[in-house]
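Subject: Structure handover

Hello,

My notes on it follow below.

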Amino acid sequence: MLQLTEIKSSFSVAVFEDEVFWSDMKTRTVQRVTKTTGKNRAVLIKRSEQPGGLKIMHEVLQPKSSNPCLEAGCSHLCLLSARSKGSCHCPAGLLLADDGITCVPLEESAFLFLVLPTVIMQVPLHSLTRMSPPGL
């Protein structure tokens, strides 16, 4: 148990390896101390506004998982889906080939750029079927 008797207004606390980190509302700082001794106290950040919650980000704290994009073999872009699957996509001016992994130049430069709240799509005009007006 570590007693931080001099800290009266901590907002958030995080522990990583042998150190304790906290944000202090009164002093508007983020500080650290050695967790086993309470020594080596240091101010890491001092700001004019209140520092909020703390989150330790480090490679050893990240969940281990495979990267589906490494196996997808996309020629240009691989995007992860919510189901942890990779899908190949192409930058503007290129089109995804029938193999689903290679981006190729557009044979025709004209395309429709469709933007919806959750989707952005590039539709080559040559892929659209021509619709004749009724009665023709």
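Glutamate 19 has a relative accessible area of 21%, so it counts as partly exposed (buried is under 20%, exposed over 50%, partly exposed in between, with a 1.4 Å probe and protein chains only). This is a predicted model: local features need pLDDT of at least 70, side-chain atom pairs count only at pLDDT 80 or more, and totals for chains, interfaces and linings use all residues. Residues are numbered from 1 along each chain as its sequence is written, and side-chain values use heavy atoms, with hydrogens and water left out.

Salt bridges

The whole structure holds two salt bridges (a side-chain nitrogen of Lys or Arg within 4 Å of a carboxyl oxygen of Asp or Glu). In one, glutamate 19 pairs with arginine 32, with 3.1 Å between the closest N and O atoms. That pair joins distant parts of the chain: glutamate 19 sits in strand E2 (residues 19-24) and arginine 32 in strand E3 (residues 29-34), 13 residues apart. Arginine 32 is partly exposed, because its relative accessibility is 26%.

Arginine 47 and glutamate 49 form a salt bridge, also with closest N and O atoms 3.1 Å apart. Arginine 47 is partly exposed at 44% relative accessibility. Glutamate 49 is partly exposed at 42%.

Fold

Along the sequence the pattern is β-β-β-β-α-β-β-β-β-β-β. Of its 136 residues, 18% count as buried.

The largest pocket has about 360 Å³ of space. Its lining has 17 residues; His89, Cys90, Ile120, Met121 and Gln122 are the closest to its centre. On a 1 Å grid over the protein atoms alone, a pocket is an open set of points with protein on both sides within 12 Å along at least five of seven lines, where a 1.4 Å probe fits; lining residues have an atom within 4 Å of a point. Points are joined across faces, edges and corners, and the volume is the space filled by probe spheres set on them.

Strands E5 (77-80), E6 (86-89), E7 (94-96) and E10 each give the lining at least two residues. By class, the lining has 13 nonpolar, four polar and no charged residues (nonpolar: Ala, Val, Leu, Ile, Met, Phe, Trp, Tyr, Cys and Pro; charged: Asp, Glu, Lys and Arg; polar: the others, Gly among them).

Loop

Valine 119 lies between strand E9 (111-115) and strand E10 (120-124), in the loop. Valine 119 is partly exposed, at 32% relative accessibility.

Best regards

Technical notes: Helices (H or I, at least four residues) and strands (E, at least two) are DSSP runs, numbered from the N terminus.
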